[in-house]
Amino acid sequence: MTTTFKTVVIAGATGNLGYPIAEAFLNDGSYKIKILRQKPESKNENAELLASKGAEVVYVDYNQKDDLVKALKGTDVIVSALSSKTTGDFYGIQLPLLEAAKESGVKRFIPSEFGGEFTPGKAHPFVDSKFKFREELEKSGMEYTYIFTGVFHEFIEVIGFDAKNKTATFYVDSSSKVHTTSLADIGKYTVESLKLPEARNATIRVAGSTDSFKEILQKFEEVTGSKWKVIEDREVRHRFRNKIEPIPSAMDDVKAFICENGTLSKLDNDKFSFTPSPLAEYINTVKNV
Ligand SMILES: NC(=O)c1ccc[n+]([C@@H]2O[C@H](COP(=O)([O-])OP(=O)(O)OC[C@H]3O[C@@H](n4cnc5c(N)ncnc54)[C@H](OP(=O)(O)O)[C@@H]3O)[C@@H](O)[C@H]2O)c1
């Protein structure tokens with residue numbers, strides 16, 4: 001299946017997720033790739049690497065619509081891998097891009113999702129702004145694809161596996177499951193989604209692995225050749241909400257929330273041409289931490 005899309009803009013391409021996505025598009029070679037960077041211009045190794053592989057780097061002021069509209073002229077698809085560490089506001093950070101995209105005639109917008117599958121109304125405040133943005137995107141009339149990937153392999157620490165200190169914290173029952181995917185594969189899924197008719201105005205759910213927390217611990221113990229310290233802490237969210245000592249950090253509350261919602265409702269892996277790498281492959285690389 002071919003695609004009519006020719007020019008793809010990746011916003012946030014210097015980041016954890018944006019870089020492997022941009023790299024996958026450049027490796028694919030079918031598209032003209034532009035990466036948007038926030039002004040003022042600054043030196044960035046990832047941007048330099050992507051430029052050396054053929055990406056055009058364009059600096060924009062995300063608060064200046066004219067600037068954005070100019071940068072997006074001729075763009076068919078926007079992939080947003082934006083994230084603001086300071087505000088965590090995925091709505092505010094992506095809205096100017098959406099408004100400019102609409103004005104520039106962009107055909108498809110892939111927003112900064114790339115996580116778990118959460119239920120609106122029952123989600124954590126940290127994902128509320130993603131839901132709010134989705135509503136705005138669907139109203140815009142542009143095509144969209146939501147890509148859910150579970151936890152990134154490279155971010156396995158977020159769900160309680162601390163390889164440096166050989167400690168596993170179980171925020172949920174250790175037999176419950178979690179979906180995880182490597183960043184490189186997320187890049188490939190994003191590229192292929194453009195050629196997949198089912199991805200138009202739809203949600204794509206993919207994962208490299210489905211494991212229980214217990215199985216993940218076993219893999220880490222095998223690879224590191226040692227028994228890990230295990231902390232069972234299923235009360236994090238309750239203590240955080242009710243301010244019960246020891247009061248967990250907001251980050252621990254987010255981690256526990258992600259573990260509670262670790263699985264995707266179904267997987268679309270079979271719609272794609274490749275087999276993703278399993279979590280075990282990533283765990284093998286951390287043995288020398
Ligand atoms: N499932 C998981 O395990 C997991 C883990 C981590 C992240 N995620 C998700 O992946 C997505 C991307 O996260 P990330 O960790 O890759 O992001 P990140 O590395 O923190 O940031 C991405 C890029 O956003 C740009 N940026 C930062 N602040 C900005 C601002 N105020 N205005 C405009 N641009 C700004 C920066 O690029 P420039 O400075 O070059 O413009 C930055 O490199 C998010 O949706 C996040 O929730 C999922």
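Student: Into which domains is the chain divided?

Tutor: In this predicted model, the chain is divided into domain 1 (7–148) and domain 2 (153–180 + 208–262 + 273–289). Their centres, taken over C-alpha atoms, are separated by 28 Å.

Student: How do you know that domain 1 and domain 2 are in contact?

Tutor: Contact requires heavy atoms within 4.5 Å. Seven residues of domain 1 are in contact with seven residues of domain 2. Between them the two domains bury about 550 Å², with 76% of it on carbon and sulfur atoms. Of the area that domain 1 buries against domain 2, Phe-118, His-124 and Phe-126 supply 73%, more than any other three residues. The count of salt bridges between the domains is zero.

Student: What makes a set of residues a nonpolar core?

Tutor: Its members are buried nonpolar residues such as Val, Ile and Phe, joined through side-chain atoms within 4.5 Å. The largest such core has 35 residues, and those touching the most other members include Val-8, Ile-10 and Phe-25. Helix α1 (18–28) is one of the elements that supply at least two residues, and the largest share, six residues, comes from α1.

Student: Why are β8 and β13 called edge strands?

Tutor: The open sheet has the order β8-β9-β13, with mixed pairing. β8 (161–162) and β13 (229–232) each have a single partner strand, so one side of each is left without a neighbour in the sheet.

Student: How many bridges pair β8 with β9?

Tutor: Two strands pair if there are at least two bridges between them; β8 and β9 (residues 167–170) have two, in the antiparallel sense, and therefore count as paired.

Notes: Residues numbered from 1 in each chain as written. Predicted model: local features only at pLDDT ≥ 70, side-chain atom pairs only at ≥ 80, totals over all residues. Heavy atoms only, no water. Buried < 20%, exposed > 50% of the residue type's maximum accessible area, 1.4 Å probe, protein only. Helix = DSSP H or I, 4+ residues; strand = E, 2+ residues; numbered from the N terminus. Domains from an automatic or database assignment. Buried area = accessible area lost by both parts, 1.4 Å probe. Salt bridge = Lys/Arg side-chain N within 4 Å of Asp/Glu carboxyl O.
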